[in-house]
Each structure stands twice: as structure tokens, then as C-alpha cells.
Amino acid sequence: MSGLHTLDTSLGPIQAAFDAEGAVIYLGFADHEFREALMAKVARLGPVSRPDAVALERLREQLEAYGAGQRRVFEVPFRLHGSPFEQRVWAALQRIPFGEIRSYGQLAADLGDRNLSRAVGRANGANPVSILVPCHRVIGANGTLTGYAGGLARKEHLLRLEGALKQ
């Protein structure tokens with residue numbers, strides 16, 4: 001996908017794409033397991049724009065501060081494109097506080113139907129702006145780390161960084 005920018009960060013190489021208004025529409029690790037499918041979905045939205053240098057640097061700085069344990073909330077604009085159900089799941093992910101975790105079942109129950117845990121998992125995996133929408137904060141019902149396309153080692157690192165997992 002043209003318009004994809006790679007940011008070298010302490011978290012690893014991260015790729016980002018922006019829309020014409022300068023909002024992040026894709027953010028994922030360069031070695032993201034499912035990035036091709038997510039990027040194809042983003043590409044279908046229309047042309048990806050080149051962000052100004054200030055927006056790109058602001059994103060990189062905030063990711064670095066997060067990786068250094070100095071940032072809990074991101075202040076970069078992003079836009080999510082997905083089905084109504086995906087939008088509901090992504091909104092629920094954004095309500096999980098820094099340093100806390102939820103199971104897929106808990107998230108489904110928060111959305112009104114605990115039986116939707118598999119659908120929640122699929123929507124979680126379709127999150128186009130990893131880290132900004134904290135899909136890494138969702139774990140298996142038995143407390144195991146599962147389902148992170150950036151890799152389970154990276155998910156564990158992010159959760160330890162946030163203090164959700166003990167050292």
C-alpha cells in the first residue's frame with residue numbers, strides 16, 4: 001500500500017497510514033501477522049495521504065513515550081472504519097484503562113451478550129490501529145495471553161509495560 005510510513009521505535013518497527021485529514025487509519029507492527037489483510041481493507045477506503053512531518057513525528061514521539069512508560073493516553077487523531085459491531089468492540093477496547101485487562105467474554109458481556117466472545121475476538125483482530133485502540137489488553141478467559149497478531153511476546157511486553165502483568 002502506498003502511503004505507508006515505517007517508524008522505527010523502541011517497540012519495534014511500526015507502520016502507519018493516514019487519511020486526507022491527517023488521522024491515523026492504520027497502525028501496526030511491520031511484522032504484524034495479519035497486516036496484509038488489514039492494509040488491504042484500509043486501501044479499499046480510498047487514497048492514503050502523506051501526513052505532514054509534524055503529524056508523523058508527533059505519532060513517533062508518543063509511541064516512544066508510551067514505550068518508555070511515560071505516556072498512558074495517546075493524543076493523535078485516528079479514524080476507525082469497520083462494521084457497526086466492530087465499531088462497538090473498538091469503542092469498548094478504548095474504555096479498558098491503561099494497566100488493566102479484560103477477557104473476550106468480559107468484553108462480550110459488556111456489550112450485552114457473553115456468547116459473543118468469538119465475534120469480539122474477530123473484531124479485536126480486525127482493529128486497524130493497534131496500540132492506539134488497545135486490543136492487546138484482551139486475554140483469554142483462563143488468563144492466558146492469546147490472539148495478538150503482533151505476536152504473544154510483544155503482547156506480553158506491552159502488558160508488562162502497562163503493569164497489567166507482574167514482572
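# Salt bridges in a predicted model

At 6% relative accessibility, Arg-137 is a buried residue. The model is predicted.

User: Which residue pairs with Arg-137 in a salt bridge?

Analyst: Side chains of opposite charge can pair when their charged atoms come close. For Arg-137, the closest N and O atoms of the bridge are 2.8 Å apart. The partner is Glu-162.

User: Where in the chain do Arg-137 and Glu-162 lie, and how many residues apart are they?

Analyst: Arg-137 sits in the loop between helix 5 (117–125) and strand 5 (138–139). Glu-162 belongs to helix 6 (residues 152–162). The pair links distant parts of the chain, and the separation is 25 residues.

User: Is Glu-162 buried or exposed?

Analyst: Buried means under 20% relative accessible area. Glu-162 has a relative accessible area of 6%. Therefore Glu-162 is buried.

User: How many residues apart in sequence are the parts that Asp-19 and Arg-79 tie together?

Analyst: Asp-19 and Arg-79 form a salt bridge, with their closest N and O atoms 2.1 Å apart. Asp-19 lies in the loop between strand 2 (12–18) and strand 3 (24–29), and Arg-79 in the loop between helix 2 (53–67) and helix 3 (84–94). So the pair ties together parts whose separation in sequence is 60 residues.

User: What is the N to O distance between Glu-21 and Arg-79?

Analyst: Glu-21 is exposed, at 62% relative accessible area. Its side chain meets that of Arg-79 in a salt bridge. The N to O distance is 3.4 Å.

User: How many salt bridges does the structure hold?

Analyst: Among them are Asp-19 with Arg-79 and Arg-137 with Glu-162. The total for the structure is seven.

User: Where is confidence lowest in the protein chain, and where is it highest?

Analyst: The chain averages a pLDDT of 89. Helix 1 (residues 35–43) has a mean of 70, and helix 3 reaches 97. Confidence is lowest in helix 1 and highest in helix 3.

Methods: Residues numbered from 1 in each chain as written. Predicted model: local features only at pLDDT ≥ 70, side-chain atom pairs only at ≥ 80, totals over all residues. Heavy atoms only, no water. Salt bridge = Lys/Arg side-chain N within 4 Å of Asp/Glu carboxyl O. Helix = DSSP H or I, 4+ residues; strand = E, 2+ residues; numbered from the N terminus. Buried < 20%, exposed > 50% of the residue type's maximum accessible area, 1.4 Å probe, protein only. pLDDT = per-residue confidence, 0-100.
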